[in-house]
Amino acid sequence: MIKEKTDILIIGTGASGAASAWNLSKLNLKTTCLEQGPLIDKKKYSFNNKEREINKFNDLNIDPNQRKLPSDYPINSSNSPISIANYNAVGGSTLIYSGHFPRFHPSDFNTKKIDNVGSDWLFDYCDLEKYYNLNDKMVGVSGLTGDPAYPEIKNLLPPLDIGYSGRLLAKAFNKLGWHWWPSYSAVKNSKIFEKGVRPTAVETYLNKAVKNGVIIKPNSRVLKIKISSKNKATGVIYIDKNNKKKFLESSIILLASNGIGTPRILFNSSNKKFPNGLANSSGQLGKNLMLHPLGYVEGYFNKFLATNDGAEGCALYSHEFYETKKSRGFKRGYTIQLLKSPGPIESFHYLKKFNKINFGKSFFKDLFSYYGCTIPLAIICEDTPDKNNYVQLDLKNRDSSGMPGVKINYKLSNNTKKMLAHGINQCKKLLKEAGAENVIAFGPVRNTGWHLVGTAKMGKSKKNSVVNKFGQSHDINNLFIIDSSIFPSSSGVNIASTTQAVSLMISDHIKKNIKKLIIK
Amino acid sequence: MSTKSNKGLLMKNNLRLILNYMIPGDNYMPSFTKAVRINSIIKIFEKNKFLNYLGRKEIDLNNKKNLDNYVKILGNHVLEAYFTSNLVIKALKLRRKNYLKNVKKENMTKLLKKANSKKYFRK
């Protein structure tokens, strides 16, 4: 087997891998990133690409089981009401994410302490604030200071326009006396942000990391992490772009492959010392999978509101029902997000499903009765950790390299079911108040498992957690997990901002302790 | 004119009829063949027997069974080619502009002043 050497190895180049790659690139060390997916031309995934709506059904489909690209691995979600969404390429899932960029609430870091539910983090909002700020600066986050749902967030770029639908909804929120605020969005370039264009991890971090000397190897899939007799990670076996098996030796290994991919690699790296998965002496690896069950409520208005325009992810949001209130009958809460309605092609397919459109004379009449006339809302429910929701290897389904796929086993808790039902009822009320003629609602929506959290949780003790507060494995001290799998709780907001802030915090810790960690 | 080019012309005419039947256009939106070059659709179906069939005889748009069959074959390709055409993108923008020209856009800051501003976060 061909042998190579690096000082720091990062597995995965998505949100978390990219942030750490940039942060560690300032060290005078050789840093290499292995990415199982390809390097994709920016034009392909750009929101300005006029074929983007078509690509969403093809190569840029959020569902790996439908894409079935050589870089994807099978994810069996037959035992779950929610299927997994991800993207495997340089930049990871940020290539297809919407760029909605909220932070966690301070309460999200200690749900056990204040609400007796879930698990507490080993640091709090204040500890992370510095990294939230740094990440906001790197990503270019738009929003508005003064949001009563958060401690003050400064230095934001101007907020995106909330559109006609946002104004209609804002008035309804005001009538009901509920919180709302223009959303936080990743926008980066102020010249194009009005169009809702969002930057990916490639533009925000990876390009800068490469300039600083970081090596990115696309189409390179890690099969196993190898360890020494002294429980030190020594390197990885990976398959390169030419299908050659190689061993890459490294002093420090950072796993950044998300809440599904990270346990997959660790399970596949099991050995005599760790028969149940590498770094899994606690038995917690793969457990506590959290997914943010999502409810969808759509109001139909008998007029054109251009709801298909504006911020890609979320124009405005509400945290009226975010924190626990006993009278609601469930703990923790959810975000209401105003989404963008579908484009013409998706609108056609939606109407076709219900036999409400045909080609021919009435084509435009049918299409324009729906296109731009609906206000879609999403309810992002906080999920709570449960050891019965878990990830395991699926030996029957393998990827193009022969590595086992993943099976997820997941059920909605009663708490989440109540939360979802509450959210749907409140959104119906809101849309009626806004003047919707008709409202449809359903949840949980199946293809929405894009926030993958909790499967390698952090904790103080190696008996019941996989890593410490710095993402460092309790079992193997030169192995770090820097993605959202270490989150002990999920929050009720999109996770990209917190994932990157945590990654920056961990890589700062590594920088400070580099002399101790590097074996020369 | 050779039989081959006659067939080609007939095929194009028939295809044009079907495509414009599918997407006929309206006050804002162009018909299919105004927006998309017919050759781009021919290219997609180059090896499909369907095009040969269209070169045989004039089609009857009143024959619903046949028409449904053509629509089924062309469906997604037509939709994708049409809505990614620059002319259609422009038409959609113009339509948007005209539909919203009399709609007032309230000042967001004014709306926010009326919003519930009690503190929602807990430490």
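Visitor: In which loop of chain A is the place of A:S369?
Guide: This is a predicted model, in which local features need pLDDT of at least 70, side-chain atom pairs count only at pLDDT 80 or more, and totals for chains, interfaces and linings use all residues. Residues are numbered from 1 along each chain as its sequence is written, while chains are lettered from A and ligands numbered from 1 in the order in which they are written. Helices (H or I, at least four residues) and strands (E, at least two) are DSSP runs, numbered from the N terminus. On that numbering, A:S369 is in the chain A loop between α11 (363-368) and β14.

Visitor: Is A:S369 exposed or partly exposed?
Guide: A residue is buried if 20 or more other C-beta atoms lie within 10 Å of its own, exposed if 12 or fewer, and partly exposed in between, with C-beta atoms placed from the backbone. A:S369 has 16 other C-beta atoms within 10 Å, so it is partly exposed.

Visitor: How many Å apart in space are A:S369 and A:N302?
Guide: In sequence, A:S369 and A:N302 are 67 residues apart. Taken C-alpha to C-alpha, their separation in space is 7.5 Å.

Visitor: In what order do the six strands of the open sheet in chain A run?
Guide: Two strands pair if DSSP finds at least two bridges between them. Here the pairing is antiparallel. The order in chain A is β5-β12-β13-β14-β11-β17.

Visitor: Which are the edge strands?
Guide: Look for strands that pair on one side only. In chain A these are β5 (181-182) and β17 (438-442).

Visitor: How many bridges join β13 to β14 in chain A?
Guide: Strand β13 (residues 334-338) runs antiparallel to β14 (residues 374-381) in chain A. A:Y334 stands opposite A:C381, and A:T335 stands opposite A:I380. The number of bridges joining β13 to β14 of chain A is five.

Visitor: Which residue of β13(A) does A:Y317 stand opposite?
Guide: β12(A) and β13(A) also run antiparallel, joined by two bridges. The β13(A) residue opposite A:Y317 is A:Q337.

Visitor: How many of the residues of β13(A) are buried?
Guide: Both faces of this strand are covered. A:Y334, A:I336 and A:L338 are buried on one side, and A:T335 and A:Q337 on the other. The count of buried residues in β13(A) is five of five.

Visitor: At about what angle does helix α7 of chain A run to β12(A)?
Guide: Axes are lines fitted to C-alpha atoms, for helices over the stretch in contact, and angles run from 0 to 180 degrees between N-to-C directions. Helix α7 (residues 163-176) lies across β12 (316-318), β13 and β14 of chain A. Its angle to β12(A) is about 25°.

Visitor: And what angle does the direction of α12 make with that of β14(A)?
Guide: Helix α12 (residues 414-434) of chain A packs on the sheet, touching β11 (294-300), β13, β14 and β17 of chain A. With β14(A), the angle is about 155°.

Visitor: How far does α12(A) reach from its first C-alpha to its last?
Guide: The expected span of a helix is 1.5 Å times one less than its number of residues. α12(A) has 21 residues, with 30 Å expected. Its reach is close to that, at 30 Å.

Visitor: Why are the buried residues of α12(A) on the same side of the helix?
Guide: The buried residues are A:T416, A:M419, A:L420, A:G423, A:Q426, A:C427, A:L430, A:L431 and A:A434. The arc is that of the directions from the helix axis to the C-beta atoms. These residues share a side of α12(A) because they cover an arc of only 135°.

Visitor: Is A:N116 buried or exposed?
Guide: A:N116 lies in the loop between α5 (111-115) and α6 (125-139) of chain A. Its phi is near 50°, a positive value in a residue other than glycine. With 9 C-beta neighbours inside 10 Å, A:N116 counts as exposed.

Visitor: Which residue does a cis peptide bond join to A:G443?
Guide: Omega of that bond is about 0°.

Visitor: What radius of gyration does chain B have?
Guide: Chain B comes to seven helices and zero strands, and its C-alpha atoms fill a box of roughly 80 × 35 × 25 Å along the principal axes. The radius is taken over C-alpha atoms, and the globule rule is 2.2 Å times the number of residues to the power 0.38. A compact globule of 123 residues would have a value near 14 Å, but chain B has 23 Å.

Conventions: Two residues are in contact if their C-beta atoms, placed from the backbone, lie within 7 Å.
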